[in-house]
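Have the sequence and the 3D view ready.

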Amino acid sequence: MIDSLTLEQESLLQQLEPTLRVNAIPSESVGTDAARFALERLYRLLGLKAPYVIWCDGPFQFSIMPLLLQMLVNLPSEQLDDKPGRHFGFDKLNALENELMKLLRLPRWNQALRGLLLQLKTETLFDLAYNDEERLPGMGDAYRQFAWSRCGISTADPLWKITRKSTDEIIQRLQQVMTLGLTTKLTNQLYTVPNDRILRTRQTIGRLLDREESLRLRDGRGSIFGYAQAGVMTLYRIAAELHEQISGTVFEDSLQSCPAPQAAPQYLNKRNLENEPSVNTAALMAFGPYEKFWGAWICHHTGCYAAIARMFPDLFSKELRSSLTDMNTLLRSGFAYIPLTRVVFVLRFPTTINVDDNERLHSIAGPALAFADGYGVYALHGIPVAASIVDEPESVTAQSIEKERNNEVRRVLIDRYGIANYLRDTGAGVVDRTDGAILYRKQQPNDEPITLVQVRNSTPEPDGTYKEYFLRVPPTMRSAREAVAWTFGMTADQYKPDRET
């Protein structure tokens, strides 16, 4: 049985820990080439050719680049049956590129198309448009297939299964050869605490990006419009922007020829999609073959197990260590992924990630999360807020706080405004007074009341004045004395100070 780590293994642990922080940005050594080589080896394990890799500078590009590529390579079936000569095919694709570039007048759309075409040679577009892809071996009916997509079908689940198979093997082997004490040590250092923090941050970022730029939408029962109204409105807005630019062109016809994924039985929708182009396009963005594969936050698990395999090379096969290393390299080279059988879209890491002491997204000086294309996420202590709340703190007023219906947002607004100021400006009720202390309570809609005790420092300031403090106490406090006692960890009966200091 293994009951301790060698000095070299301890050193590996120390090297790994800083990379597991929520705001850890991978070193420059984990870049585009490393990701491409890792993908090539991982796809070989799936029985597929190496995919084309497209890098996106921000969430908007990540959301719409697959659609732009689809419009360029989704040719009518009769043209696919009769493959043209390469020269003729290249000329046709070049003409399509130029036409679409002229149509996309809105800056962020034009910028996204330019970024896409800079990364794709005409030969690549020709291959996607005229050559059929290899089918993923053994896929069968286990995964959703969308015949319209020339970019391929999702490989998110098969890729994750590679990791799960490797990690399951590591866990089983460690249970056989490692003592409980050493297992606990590894778990505490590599998994438990960092994982909790990373999951919280991932959830915050995921909700924000889902809502703001429609990276993913899995709605409720019934139709695409389900119950996720915020995400739906964003999808509509983005789809409408696109159709305003390509209306009446071959590109709109191309999108309309793609059956909305919601046409599958599990996504039945009574809407007439033929008369609502924006709805069809919104459905393609929402469902599509674009199963999102998170990178920055799920890489924690892979990184931990890859480190364990590296620490104990004699226990695990070279193939297992290689697959985990490749997956770890891939996941630490980007922020999020759309992995398809023929093309993989990678969202680059944010240029800025700011967190508070509890590793929650937080910044009072600008976006807590910022991408290279200018997209930013504003957050205070993990709660997403409007940019104006951070950039223009004077815009936060007692009236705007009172109107806020979201409890979490209201709490950070109160903190931003100043809880004492909020109580004063909204007329909080006085519950009780005693010598040197006042207990206030402010009722909140759909939330527990705010309860504060106001106390005065018994030591005068140099100018002879006495400083006053507002201390948050539980809403169960009934008297000022009980509240002051609670701040000292006592009950009202126990709190009997001889003198104040």
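Here is a short tour of ring pairs, a ring cluster and charges over rings.

## Ring pairs

Keep in mind that this is a predicted model. Searching the whole structure turns up 8 aromatic pairs. One of them joins Phe 371 and Tyr 375: the ring centres are 6.1 Å apart and the planes meet at 50°, so this pair counts as tilted.

## A pair across two strands

Tyr 440 and Phe 470 make another tilted pair, with 6.1 Å from centre to centre and 40° between the planes. Where do the two partners sit? Tyr 440 belongs to strand 11 (residues 437–444), while Phe 470 belongs to strand 13 (residues 468–472), so the pair ties together parts that lie 30 residues apart in sequence.

What about their surroundings? Tyr 440 has a relative accessible area of 16%, so it is buried, because the cut-off is under 20%. Phe 470 has 32% relative accessibility, so it counts as partly exposed.

## A cluster of rings

Back to Phe 371 and Tyr 375: together with Phe 335 and Phe 349, they form one aromatic cluster.

## Charges over rings

Rings can have charged neighbours here too: the charged end of Arg 108 sits over the ring of Phe 60, 3.9 Å from the ring's centre. Arg 36 lies over the face of Phe 37, at 4.7 Å from the ring centre.

How values were computed
Residues numbered from 1 in each chain as written. Predicted model: local features only at pLDDT ≥ 70, side-chain atom pairs only at ≥ 80, totals over all residues. Heavy atoms only, no water. Phe/Tyr/Trp six-rings, centres within 6.5 Å; stacked < 30°, edge-to-face > 60°. Helix = DSSP H or I, 4+ residues; strand = E, 2+ residues; numbered from the N terminus. Buried < 20%, exposed > 50% of the residue type's maximum accessible area, 1.4 Å probe, protein only. Lys NZ or Arg CZ within 6 Å of the ring centre and 35° of its normal.
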